[in-house]
Protein chains: 2
Amino acid sequence: MNKGILYGVGVGPGDPELMTVKAVRILKACDVVAVPAAGESEKTAMKIAAGYIGDKPVIHCDMPMIRDKAKLDASHDRAADQLCALLDEGKTVAFLTLGDPSVYSTYWYVHKRVCARGYTAQLVPGVPSFCAAAAALNTALCAGSEMLHIVPASHGAAENGLDLPGNKILMKAGKSILDVRDQLAARGQLDNAALVERCSMEGERIVTDLRELDDPTGYFSIILVKEDGE
Amino acid sequence: MNKGILYGVGVGPGDPELMTVKAVRILKACDVVAVPAAGESEKTAMKIAAGYIGDKPVIHCDMPMIRDKAKLDASHDRAADQLCALLDEGKTVAFLTLGDPSVYSTYWYVHKRVCARGYTAQLVPGVPSFCAAAAALNTALCAGSEMLHIVPASHGAAENGLDLPGNKILMKAGKSILDVRDQLAARGQLDNAALVERCSMEGERIVTDLRELDDPTGYFSIILVKEDGE
């Protein structure tokens with residue numbers, strides 16, 4: 001029997017209309033849909049794709065958001081086991097991932113493993129959240145000779161990116177979001193910064209003055225810092 | 001009469017299937033399609049969207065790719081004039097732009113002007129070419145705590161970005177593409193770099209050894225440099 005194919009499908013930032021025609025086609029055609037078992041992102045990915053999943057089987061891969069490398073590796077191995085078992089049965093599997101699968105996706109760790117085992121797995125690009133955030137703010141991410149830096153801002157990691165010349169997207173701040181705000185304030189960059197919460201989702205909110213930021217969870221928050229402040 | 005609305009529609013990197021459902025809806029519903037008058041990108045944008053344009057009127061805005069600031073400004077002003085005249089007639093206009101409209105788009109300069117004149121103009125996000133390039137290379141752009149730097153590489157501008165820690169996307173190199181290759185070589189970064197030409201378009205080509213690069217035009221070329229070389 002021919003092996004199945006695994007697709008890592010970027011479902012875009014939140015609005016189901018921001019899925020690509022290709023993502024829709026693959027979701028309609030696949031045999032099984034896969035998502036990580038827990039977390040806000042996964043519930044959101046399911047909600048985005050709901051209109052195309054119908055009554056297909058959905059498998060939930062246990063991929064906890066933890067920092068222990070050995071436990072993480074083990075969970076990604078188990079997820080790869082689950083998916084490869086389906087591929088061995090000849091099933092086509094669509095693994096849902098928010099935004100684009102090449103940008104900080106949990107799926108990537110599973111994708112690598114499935115490819116290394118000799119199976120066919122493909123990335124299906126999606127609209128990254130930061131492009132939708134720029135649209136919501138009605139601004140450009142980069143123009144002319146400006147650089148754009150995508151900076152993961154969790155656990156103090158923003159520090160390295162904040163002083164770079166050019167524009168910055170601060171992502172994945174999560175519970176560090178108020179710290180990140182304070183770091184921007186310390187650099188005098190608050191007036192050049194804007195935040196979008198739950199971009200293109202229900203409850204989207206734009207915060208143009210980060211001094212007013214009151215949600216410390218940082219869920220689905222993207223900060224854009226523009227060099228020229230425009 | 002109500003004014004029309006201008007949409008800056010990202011049509012994605014090249015494959016018509018990588019258009020979003022929203023882009024397709026707006027193209028089908030709009031009264032007029034607008035594109036810049038000349039250049040490879042524009043022909044490509046028209047080709048991507050062709051299936052949805054039908055026999056709608058298409059206007060061509062004269063927006064030459066020149067470096068003279070005064071002439072550029074004048075051409076963007078004239079394009080804004082053309083579009084605003086249509087909006088005054090109550091027309092809905094979809095301006096096509098390759099990839100995502102917030103990432104180095106020529107459209108942005110017109111969008112700013114139309115908004116400043118008090119009209120409604122909206123950005124419709126699309127899949128940026130670099131996300132499709134990552135999918136073509138079957139690799140991640142960024143994972144974990146890695147930064148990703150989007151670096152415009154035309155006219156020697158890559159220089160500032162090449163030494164940054166993290167992964168890099170070098171875009172817009174155009175006729176500087178062989179210089180950029182030489183800059184990477186001088187830094188010992190060639191083995192960590194890969195190039196995608198005409199990503200997701202007809203004639204897509206992946207160059208994993210940039211020493212073999214022979215097309216000096218740099219048309220639709222994206223270079224990904226990964227810190228860990230993976």
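This is a predicted model: local features need pLDDT of at least 70, side-chain atom pairs count only at pLDDT 80 or more; totals for chains, interfaces and linings use all residues.

Me: How many residues of chain B are in contact with chain A, and what makes a contact?

Reply: Contact means heavy atoms within 4.5 Å, and by that rule 48 residues of chain B are in contact with 48 residues of chain A. Residues are numbered from 1 along each chain as its sequence is written, chains are lettered from A and ligands numbered from 1 in the order in which they are written, and side-chain values use heavy atoms, with hydrogens and water left out.

Me: What area do chain B and chain A bury between them?

Reply: About 3,900 Å², with 63% of it on carbon and sulfur atoms. Buried area is the accessible area (1.4 Å probe) that two parts lose on being put together, summed over both.

Me: Why are Glu17(A) and Arg25(B) called a salt bridge?

Reply: The label needs a side-chain nitrogen of Lys or Arg within 4 Å of a carboxyl oxygen of Asp or Glu. Here the N to O distance is 2.5 Å, so the pair passes the 4 Å limit. Across the interface of the two chains, the rule finds 2 salt bridges.

Me: How do you know that S6(B) pairs with strand S6 of chain A?

Reply: Two strands pair if DSSP finds at least two bridges between them. These strands have 3 bridges, in the antiparallel sense, so they qualify. Strands (E, at least two residues) and helices (H or I, at least four) are DSSP runs, numbered from the N terminus.

Me: Why is Cys131(A) called buried?

Reply: Buried means under 20% relative accessible area, exposed over 50%, and partly exposed in between (1.4 Å probe, protein chains only). Cys131(A) comes in at 1%, so it's buried. This residue sits in helix H5 of chain A. Leaving aside neighbours within four places in sequence, its contacts include Leu141(A), Asp100(B) and Val103(B).

Me: And what makes Cys115(B) partly exposed?

Reply: Its relative accessibility is 25%, so Cys115(B) lands in the in-between class. Cys115(B) belongs to helix H4 of chain B. Not counting residues up to four places away in sequence, Cys115(B) touches Asn138(A) and Ala121(B).
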